[in-house]
Amino acid sequence: MKILIMIDFVIAASLMDVIGSSDLQKCFQEQIRLQGQVRLLEHRVKQQQLKIIQLLEKKEIQYSNREDENSVIDLGGKRQYSDCAEIYNEGHKQNGFYKIKPIQSPREFFAFCDMSEGGGWTVFQRRSDGSQNFDRLWADYEEGFGNFVLKNGEFWLGNKNLHYLTNQGNYTLRIDLTDFEGERRFAQYARFRVAGEEHSYEMSCGEYSGTAGDSLTGGFHPEVKWWADHRGMKFSTRDRDNDNYEGNCAEEEKAGWWFNR
């Protein structure tokens, strides 16, 4: 660096001998002008870079907001469907809320149909972001509650509706779990059924398969079946305790379920 500075100085001194001071001043002025233009261009480039970042962030927000768009799908009411499998078999492959009417149900109701993993899954519970309070009374769980409009809305379909739905055929229960890192696991149970109100919506199911572990029948170890097997359990809420625990599982867990202990 020292050698280069010395050379520059010598060249400048030599130039002073060759050209007049006015020409040298013009060169310096031109240099200052060009440096100013460079700084202006650098400023404009930074402004454009900032604008690009803002546009990308806006696009990302718009993309994420698609998850909150209205997800109700109207099929025109030309016919009634007893479950999401019928809708899927009719050729409708889009995830969303559809109107269904199980055979014994006195009315239609909205249910979220998941058309992935073979399609036709009728979703009866979604919990993802804590937007809904699941610490509710028996009547709420009986009728159903939550957001039946948004794609990622949380809800409980309703025990009455679950009874009408599972009483009309042979159903498989699938539980999908996703952790904070996006890893997904699932559990499936054959012959899932929910009894009627007179039996406090007792739940029954068959054998387990999947990757998430057996959390309903206690099949992961024979010594825990007495408390981890939920088959044959009546539904419990904080105001109607039907579990085998000396306390109230629903009150402690702050949610309704087919608790054992």
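Colleague: Which residues does Asn 161 touch, not counting residues up to four places away in sequence?

Modeller: Asn 161 touches Arg 107, Phe 109 and Glu 143, where contact means heavy atoms within 4.5 Å. This is a predicted model, in which local features need pLDDT of at least 70, side-chain atom pairs count only at pLDDT 80 or more, and totals for chains, interfaces and linings use all residues. Residues are numbered from 1 along each chain as its sequence is written, and side-chain values use heavy atoms, with hydrogens and water left out.

Colleague: Why is Asn 161 called buried?

Modeller: Buried means under 20% relative accessible area, exposed over 50%, and partly exposed in between (1.4 Å probe, protein chains only). Asn 161 has a relative accessible area of 4%, and is therefore buried.

Colleague: Why is Val 72 called partly exposed?

Modeller: The relative accessible area of Val 72 is 32%, so this residue is partly exposed.

Colleague: What makes the pair of Phe 97 and Phe 155 edge-to-face?

Modeller: Rings of Phe, Tyr and Trp (its six-membered ring) pair if their centres lie within 6.5 Å; planes under 30 degrees apart count as stacked, over 60 as edge-to-face and the rest as tilted. By this rule the count comes to 20 aromatic pairs. The rings of Phe 97 and Phe 155 have centres 5.6 Å apart and planes at 65°, so the pair is edge-to-face.
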